[in-house]
Amino acid sequence: MHAAGDVRVEEREDPKIIEPTDAIIRVTASCICGSDLWPYRGLEPVKDQIMGHEYVGVVEEIGPEVKNVKVGDFVVGSFVISDNTCEICRSGYQSRCMHGEFVSATVGTQSEKARIPLADGTLVATPGQPDPGLIPSLLAASDVLGTGWFAAVAAEAGPGKTVAVVGDGAVGLMGVLAAKQLGAGRIIAMSRNPQRQELARFYGATDIVQERGDEGVAKIKELTNGLGAHSVIEAVGTQESMMQAIRSTRPGGHVGFVGVAHDVELPGLELFFADIHLHGGPAPVRRFLPDLIQLIWDRKIDPGKVFDLTLPLEEAAEGYKAMDERRAIKVLLTA
Ligand SMILES: [Zn+2]
């Protein structure tokens, strides 16, 4: 991305092993993230930035210290590089690894090949070579599924809970899937887009709320005997969505927030009297990857349905445009 709105696919030098803990992967599939739209729309500064942080692929080469993956393995990696051994990683927060880095900043996986640092901690091999039909779902695990899952866990979705989901993008939809898998009985998806409503229902939403802002909050209260939801997933990152999430949560309830916050300021006094739990941030996808890969492998979940447009890598610019114009929920790029 050379500048806002300016995406070009260009030849770059092939990545090489630099550190003994690196792996080089041939990217089978990558995708465009909702968070890639912030710089695309000029809402985050950008200049000549390599793009992409979601990826699945085949290991082509490993450094001498890599032990957990081998050449030929099909792998899924998190959007954050992590060693998976430091104290923060071991506590389940690999997205804040002491030796971590964001793939989007330094690696860029909207590409044919990528160098993955700390390969042992970052990559998880699948049980075998996947059927082509599983690839979109495995790719989803790399970010949107893992992020939606973390949001649902952070919001303490589970049996007997009513879960509300703010945001009908890929992460919000994956939050619905996760809430259902975690056993939530009632799942309220907030969306005004008919196709996304349909997908939300496919993934387990029991109710749809079309209203936004304070009207949306009133509707959630109406559906929950005036109390608000036990668990609220915030998957947008704006002031409006964050306040909608906080105000939709009942006292004692939990908000799991995973939308990358942009100009969000929380009112302290309102927060004080809300009596709720707030837990969020960049999702530690690596914590969930082994379980999510197994669920996909066993065909118990089908997160790949969030990809509603597939393009060859060369047409990445069209993919950005389609997502920016909300013609596509999420674009898969084949290398
Ligand atoms: Zn770590």
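I started with the loop that holds Arg326, between helix 13 (316-324) and strand 15 (331-334). Helices here are DSSP runs of H or I with at least four residues, strands are E runs of at least two, and both are numbered from the N terminus. I am reading a predicted model, where local features need pLDDT of at least 70, side-chain atom pairs count only at pLDDT 80 or more, and totals for chains, interfaces and linings use all residues. Residues are numbered from 1 along each chain as its sequence is written, and side-chain values use heavy atoms, with hydrogens and water left out.

**Positive phi**

I looked up Arg326 for its backbone: its phi is positive, about 55°, though it is not a glycine. Most residues other than glycine have a negative phi. Arg326 is partly exposed, with 43% relative accessible area. For that scale, buried is under 20%, exposed is over 50%, and partly exposed is in between, using a 1.4 Å probe and protein chains only.

Asn84 is another non-glycine with a positive phi, near 65°. I found Asn84 in the loop between strand 4 (80-81) and helix 2 (87-90), and its relative accessible area of 25% makes it partly exposed. Glu156, which follows helix 6, has a positive phi too, near 55°.

**Helix 6 and Trp149**

Next I went to helix 6 (residues 144-154), where 10 of the 11 residues are buried. The buried ones include Val144, Leu145, Trp149 and Phe150. What do they pack against? I noted helix 5 (135-141), helix 7, strand 11 (229-234), strand 12 (249-257), strand 13 (277-280) and helix 12 (285-297).

I then listed the contacts of Trp149 (heavy atoms within 4.5 Å). Leaving out residues up to four places away in sequence, Trp149 touches Leu177, Ala178, Gln181, Leu182, Phe288, Leu292 and Leu295.

**The core**

A nonpolar core means a set of buried Ala, Val, Leu, Ile, Met, Phe, Trp, Tyr and Cys residues joined through side-chain atoms within 4.5 Å. The largest one has 58 residues, and those touching the most other members are Val56, Leu138, Leu145, Trp149, Tyr203, Ile233 and Val306. Helix 7 (residues 170-181) gives the most to this core, with 8 residues. In soluble globular proteins, nonpolar side chains tend to be buried together.

Helix 10 (residues 239-248) is largely enclosed by the rest of the structure, because 7 of its 10 residues are buried. Among them are Met242, Met243 and Ile246.

I checked Trp38 as well, in helix 1 (residues 37-40). Is Trp38 buried or exposed? Its 16% relative accessibility counts as buried. Beyond four places in sequence, Trp38 touches Leu43, Glu44, Val236, Thr238, Val260 and His262. Ala4 is 34 residues from Trp38 along the chain, and their C-alpha atoms are 8.9 Å apart.

**The whole protein**

Stepping back, I counted 13 helices and 15 strands. The C-alpha atoms fill a box of roughly 60 × 40 × 40 Å along the principal axes. Buried residues make up 53% of the 335 residues. Among contacts with a separation of 6 or more, 69% join residues 24 or more positions apart.
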